[in-house]
Amino acid sequence: MPAASGVAEAAAVLRTGGLVAFPTETVYGLGANALDARAAARIFEAKARPNFDPLITHLADAADLPRLVGAVPPAVAALVERFWPGPLTLIVDRPAVIPPIVTSGLDTMAVRVPDEPSARALIAAAGVPVAAPSANRFGQLSPTRAEHVVAGLGGAVDVVLDGGPTRCGIESTIVDARGVRPVVLRLGALPVEALVEAVGPVDVRPGSSGQPVAPGTLAAHYAPRTPLRVGAAESAPGDGGRRGFLAFRERPAAGAWAAVEVLSPEGDLTEAAARLFDALHRLDAARVTEIVAEPVPDGGVGRAINDRLRRAAATWH
């Protein structure tokens with residue numbers, strides 16, 4: 001149903017333990033009442049998500065954070081003041097009211113306020129914090145349109161709110177600012193440069209090979225069903241042209257590619273990020289034998305785009 005008119009009905013579904021997929025500025029989230037352990041368990045079941053990968057809790061307003069968790073460290077408060085609502089997830093201590101299943105047993109919690117009016121309206125109308133990872137099967141491409149959600153999860157979701165394509169197109173940046181220096185645990189839609197400008201030097205430690213300390217940090221993740229590798233365009237694909245190419249700004253000059261997607265003809269990294277998963281969904285549906293993805297310039301949000309491509313490739317190698 002349309003996001004603008006479906007908020008009240010979707011909020012009622014959340015309050016009664018149901019699952020609602022809804023748009024944020026980053027990707028579509030699969031939401032459940034974060035105070036209800038049984039509802040949160042439905043997220044893991046619907047996504048086939050391992051229970052060791054924690055969820056992000058979404059709030060309607062920055063003022064809800066101290067109400068939920070109590071006092072927060074000064075650096076966390078500074079980032080909240082500067083970047084919320086927005087594509088920044090912060091690590092805080094888990095309050096007792098949040099069941100351990102939401103945080104995969106960790107004593108910390110990932111939390112953010114989305115910069116999407118219908119998402120905040122939904123959370124406010126539900127009257128509860130909403131746990132919401134991306135609304136897709138675990139490890140697969142994130143959804144940036146409602147139709148991606150329906151194709152990936154189908155009847156496992158009670159309500160899908162359709163707000164059109166998401167603005168940022170990749171997930172939020174995750175930061176732990178409880179220590180001496182903030183640590184970026186997941187690269188995302190908020191560039192590292194913006195964080196440095198706001199709070200000074202930060203450490204960047206994305207990725208996880210064991211128990212994740214934050215959502216979306218596994219080494220292999222965000223993958224299409226089609227094998228993907230990162231590389232430059234080739235003069236002639238060796239399998240008769242049944243490969244797809246994901247280009248940054250220019251179509252390959254040569255080569256019998258079966259399908260080509262260009263992220264940004266103008267070389268705009270923000271546009272490229274917004275189009276990334278949508279383009280990969282289309283290449284995945286083109287029935288090619290392999291997707292070759294061209295890396296983008298590794299600055300600003302480009303670092304997050306390359307991070308997603310590397311993780312997708314790691315699934316297949």
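Y222 and F277 are both buried in this predicted model.

A search of the whole structure finds 2 aromatic pairs. The other one joins F245 and W257, whose ring centres are 5.1 Å apart with 40° between the planes, again a tilted arrangement. F245 is part of strand β12 (residues 243–247), while W257 is in the loop between β12 and β13 (259–262); the pair therefore ties together parts that are 12 residues apart in sequence. F245 has a relative accessibility of 1% and so counts as buried. W257 is buried as well, because its relative accessible area is 11% and the limit is 20%.

Two packed helices are described by the angle between their axes and the distance between the axes. For α8 (residues 269–285) and α9 (residues 302–316), the angle is about 25° and the axes are 9 Å apart. Angles under 35 degrees count as roughly parallel, and α8 and α9 are therefore roughly parallel to each other. Their crossing is left-handed. On the α8 side, L269, A272, A273, L276 and F277 take part in the contact, and they meet G302, I305, R308 and L309 of α9. By class, the residues of this contact divide into 7 nonpolar, 1 polar and 1 charged.

The backbone has some features of note. Most residues other than glycine have a negative phi, and most peptide bonds are trans. The peptide bond from W84 to P85, however, is cis, with omega near -5°. P85 is located in the loop between α4 (74–83) and β4 (88–93).

A48, although not a glycine, has a phi of about 55° and lies in the loop between α2 (37–47) and β3 (56–58). With a relative accessibility of 51%, A48 counts as exposed, because the limit for that class is over 50%. S104, also a residue other than glycine, has a phi near 55°. S104 is found in the loop between β4 and β5 (108–112), and its relative accessible area of 13% means that S104 is buried.

Definitions and conventions: Residues numbered from 1 in each chain as written. Predicted model: local features only at pLDDT ≥ 70, side-chain atom pairs only at ≥ 80, totals over all residues. Heavy atoms only, no water. Axes fitted to C-alpha atoms, helices over the stretch in contact; angles between N-to-C directions. Helix = DSSP H or I, 4+ residues; strand = E, 2+ residues; numbered from the N terminus. Parallel < 35°, antiparallel > 145°, perpendicular 65-115°, else oblique. Left-handed = near helix turned anticlockwise from the far one by under 90°. Contact = heavy atoms within 4.5 Å. Nonpolar A, V, L, I, M, F, W, Y, C, P; charged D, E, K, R; others polar. Phe/Tyr/Trp six-rings, centres within 6.5 Å; stacked < 30°, edge-to-face > 60°. Buried < 20%, exposed > 50% of the residue type's maximum accessible area, 1.4 Å probe, protein only.
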